[in-house]
Amino acid sequence: MCRCLHTYFPFVISANTEDVYIVERSFSSSLVAVVSLKAPRKLKVCHFKKGTEICNYSYSNTILAVKLNRQ
């Protein structure tokens, strides 16, 4: 577990969650995309200031990268 992620995203990383595989923050917003090692085919999009999960997507293959744009 990365301590720097815990500082900025405490709702994403806690004692009960799995290790984070990919974290991508949307430019100038509070949206964060998270993929974990335990579920590498599941993408969570969260609002890190409010500590809420916005959506949850599942894919048939392992997620290799996440890229968020401004649109």
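Which residue in β4 is the bridge partner of Lys-42? In this predicted model, residues are numbered from 1 along each chain as its sequence is written, local features need pLDDT of at least 70, side-chain atom pairs count only at pLDDT 80 or more, and totals for chains, interfaces and linings use all residues. Side-chain values rest on heavy atoms, with hydrogens and water left out.

**View 1. Pairing of β3 with β4.** The partner of Lys-42 is Ser-58 in β4, and six bridges join the two antiparallel strands (strands pair if DSSP finds at least two bridges between them; strands are DSSP runs of E with at least two residues, and helices runs of H or I with at least four, numbered from the N terminus). Four residues lie between the strands of this hairpin, where Gly-51 takes a positive phi near 75°.

**View 2. Pairing of β2 with β3.** These strands run antiparallel, joined by four bridges, and form a hairpin with five residues between them. Val-34 has Lys-44 in β3 as its bridge partner.

**View 3. The largest nonpolar core.** Seven residues, Ile-22, Ala-33, Val-35, Leu-43, Val-45, Ile-63 and Val-66, make up this core (buried Ala, Val, Leu, Ile, Met, Phe, Trp, Tyr and Cys residues joined through side-chain atoms within 4.5 Å; buried means under 20% relative accessible area, with a 1.4 Å probe and protein chains only). At least two of the core residues come from each of β2 (31-36) and β3 (42-47).

**View 4. Confidence along the chain.** The mean pLDDT (the predictor's confidence in each residue, from 0 to 100) is 77 for the protein chain, with 75% of residues at 70 or more. Confidence is lowest in helix α1 (residues 3-8), at a mean of 47, and highest in β4 (residues 52-58), at 91.

Definitions and conventions: Buried < 20%, exposed > 50% of the residue type's maximum accessible area, 1.4 Å probe, protein only.
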